[in-house]
Amino acid sequence: MNASDALLKKTKAGLPGLSSGKDFSMGEAPTFFVQDLQNGTKNGTFETNTVVGDKKYVIGGTDGEAFSVKAQILDNNCLGELVNLVELGTKPISCDGHSAMLLEDRILIILKKNSKPDDSIWFLEVDTPYVRQQKKILGTDVVAWSKGVMGNAEKPVVISGPSGVGKGTLISMLMKEFPSMFGFSVSHTTRAPRGMEKNGVHYHFTEKNVMEKEIKDGKFLEFASVHGNLYGTSVEAVELVSDAGKICILDIDVQGARSVRASSLEAMFIFICPPSMEELEKRLRDRGTETEEQILKRLRNACAEIEQGESSGIFDHILYNDNLEVCYENLKKLLGLDGYVTPPKSAAPKEINLPRNHSISKIDDKIIIHCNSSTLEKESKNLIMLDVSSLKGGAPGRTRGLDFQVMDSFSDSFNGNGNGYPIDIQ
C-alpha cells in the first residue's frame, strides 16, 4: 500500500479530530487533519470546538435559529474562563449539524444540509484585519461572520468629480450601452421618503440610531451628514450588485472616494475633471437649476475637489471632459470596453449540491469534503475538494474566491496529475 492509498484509507475511516484539546496556534496546524466534529444532541443543539492559539471557539445553534459563538481562554488542562464576544455580521441559520475547520485567521463553517455551496459555506473571522480593527474600536474581543461565495466579482468602479462636470451623463451613457453589465448600489439615508420614493429602490430608508450603529460596526464604505440627515453606501449594497453578476458603479464625491479607498473594498477609482473652471461655471449656469448663491458654493467646492482629485493619490485615473464623446470613449477604454462585443451565451453550467451527510479534512489549503452516502455512483467520486487558496474580501461583506472540484482520484489529484475535474457552481 503506497502512502497516498494509506492516507485515503485513514481519511475514509474518519479519524478523530486532531484539534480537540490541543494548542495549535494559527498556521501551526498539521498539514493533514480531520476536522474536530463535536455535533451534540444536548437540548437539540449542534456544536463544534475549534482551538485558535489559547482560545477555544464553541460554535453552535439550535436547528432553525441563528448560530452563537462562545470562546474560552484555555489553561494547561484545556479549560478556562469564558470570554465576552461581540459578533458582527449576519449570522447563518443553524440546521441539523455543521462542520468546522480552522484556516489561518478564520474558521470555515459548512452547514449540513442539501444545498448549493453559496447557501452552505460561511466563515467566522477571528483574527482578520477587519476583526482586529473592530476589536480596537470596541475595546473587546470580536468575531465576524461572512458568507462564502463561489468565484470572484468584478471590481466596483468609483466615479467622482465636481458638480456639473458631466459624470452623471457619462454614467447614463454607460448604463444605456451596457445595461446588463453595470448596476448601482442603493444608498442609505435617515431622511423620510419623499413623494413616490420607494424603500430599497430610491434609497434604503432607515432610522438614525440604526445607521449610526452600523457605521460604528464598519458596515458602511462611506457616509456623510447633510442637513442633519445621514447618507451613505453600505458594503451590503455593493455586494448585492456583485451577487447579481454586475459591476457596481459608485457615484460619490471626493470625500466619499477617500473613505472607500481606505476601506477593504478593491475598486477602480476614476476622477472626471472639467477642462477649466470657466467651462465648469458656464455649464452650471447653463443648467439653470441653481441660484447664484448655490452656483458660487458649487464652484468653491469644485476648486477643492479638483485639487484633491489631481493630487491626493486617491484616484487611479483622471479623465478630462472637454468633449463628451471623446471622454466617454476614454472611459470605455479604461473599463476594457472599447471594441466590446457581447459574448455568445454559454451553456448552462453544471450544478452541485453539497451533501447533507459529510465530514471534512484538510490538506494544506484544500478542504476535502467526504460524502458519507451512496448518492454518487463511484466511491472514488465521494470526495469533493474545496480550494480556499484564493479567498478575497470577507467581513463585513462576502468572502469570495471559493473553487470546487469533484475528485476522480484522491492520490492523483494531490500528486499533480490533474485527474480532478472542475464543476461550475451556480
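User: Which conventions apply to the model?

Analyst: The model is predicted, so local features need pLDDT of at least 70 and side-chain atom pairs count only at pLDDT 80 or more, while totals for chains, interfaces and linings use all residues. Residues are numbered from 1 along each chain as its sequence is written, and side-chain values use heavy atoms, with hydrogens and water left out.

User: How many helices and strands does the protein have?

Analyst: Helices (H or I, at least four residues) and strands (E, at least two) are DSSP runs, numbered from the N terminus. The protein has 11 helices and 25 strands.

User: What share of the residues is buried?

Analyst: Buried means under 20% relative accessible area, exposed over 50%, and partly exposed in between, with a 1.4 Å probe and protein chains only. Of the 426 residues in the protein, 44% are buried. Val-142, in strand β10 (residues 141-150), is buried because its relative accessible area is 3%.

User: At what angle do helix α4 and helix α10 pack?

Analyst: Axes are lines fitted to C-alpha atoms, for helices over the stretch in contact, and angles run from 0 to 180 degrees between N-to-C directions. Helix α4 (residues 167-177) and helix α10 (residues 324-334) pack at about 60 degrees, with their axes 10 Å apart. Angles under 35 degrees count as roughly parallel, over 145 as roughly antiparallel, 65 to 115 as roughly perpendicular, and the rest as oblique; α4 and α10 are therefore oblique to each other.

User: Which residues of α4 and α10 meet?

Analyst: Among them are Leu-170 and Met-173 in α4, and Tyr-328 and Leu-331 in α10. The residues of this contact divide into seven nonpolar, one polar and three charged, where Ala, Val, Leu, Ile, Met, Phe, Trp, Tyr, Cys and Pro count as nonpolar, Asp, Glu, Lys and Arg as charged, and the others, Gly among them, as polar.

User: How many disulfides are there?

Analyst: A disulfide is a pair of cysteine sulfur atoms within 2.5 Å, and the count is zero. Cys-248 counts as buried at 1% relative accessibility, whereas Cys-303 is partly exposed at 41%.

Note on methods
Contact means heavy atoms within 4.5 Å.
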